[in-house]
Amino acid sequence: MRSAKESNRFPYRMTTICYFEVDKKGNVSQVPHKNKSDLARVSEAYKRAMDKNTILYAVWPGQWSSDLFIIDDLDAFAKELGLLKL
């Protein structure tokens, strides 16, 4: 697993990125982010991650393989997906 923060150029808004969150019991939920109508669900996932109730992850697909990232810069995630205006 890689760090989104350490990648320095994680493509948060790329539509092929698959976001998901894992709660403390191991339940997994996808976080849709491709449409403006998904903003409320992204915001809810962000709040749960900020409250440390879940951990956000992303899969960044490549041509030959996909990489798993932990979303460890929640401010960058929120800013790039339109939740924060920094």
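This is a predicted model: local features need pLDDT of at least 70, side-chain atom pairs count only at pLDDT 80 or more; totals for chains, interfaces and linings use all residues.

**Charges and ground rules**

I began with the charges: the chain carries 14 positive and 11 negative side chains, and the centres of the two sets are 4 Å apart. Here Lys and Arg count as positive and Asp and Glu as negative, with His and the chain ends not counted. I placed each charge at NZ of Lys, CZ of Arg, CG of Asp or CD of Glu.

Residues are numbered from 1 along each chain as its sequence is written, and side-chain values use heavy atoms, with hydrogens and water left out.

**Fold**

I looked up the secondary structure next and found three helices and five strands. These are DSSP runs numbered from the N terminus (helices H or I, at least four residues; strands E, at least two). In sequence order the pattern reads β-α-β-β-α-β-β-α. The radius of gyration is 12 Å, close to the 12 Å that the globule rule gives for 86 residues, so the chain is as compact as a globular protein of that length. That radius is taken over C-alpha atoms, and the rule is 2.2 Å times the number of residues to the power 0.38. The C-alpha trace spans about 35 × 30 × 25 Å along its principal axes.

**Core**

How many of the 86 residues count as buried? I get 31% of them, where buried means under 20% relative accessible area, exposed over 50% and partly exposed in between (1.4 Å probe, protein chains only).

The largest nonpolar core holds 18 residues, and Phe10, Tyr12, Tyr19, Leu56, Ile71 and Phe77 have the most contacts inside it. Such a core is a set of buried Ala, Val, Leu, Ile, Met, Phe, Trp, Tyr and Cys residues joined through side-chain atoms within 4.5 Å. α2 (39-50), β4 (54-61) and α3 (74-80) each supply at least two of its residues, and α2 gives the most, with four.

I then checked Tyr12: beyond four places in sequence, its contacts (heavy atoms within 4.5 Å) include Tyr19, His33, Ile71 and Phe77.

**Start of the chain**

Met1 sits in the segment before β1 (2-3). Met1 is exposed, with a relative accessible area of 65%. Still, Met1 contacts Tyr57, Leu68, Phe69 and Ile70, leaving aside neighbours within four places. The C-alpha atoms of Met1 and Ile70 are 7.0 Å apart, although 69 residues separate them along the chain.
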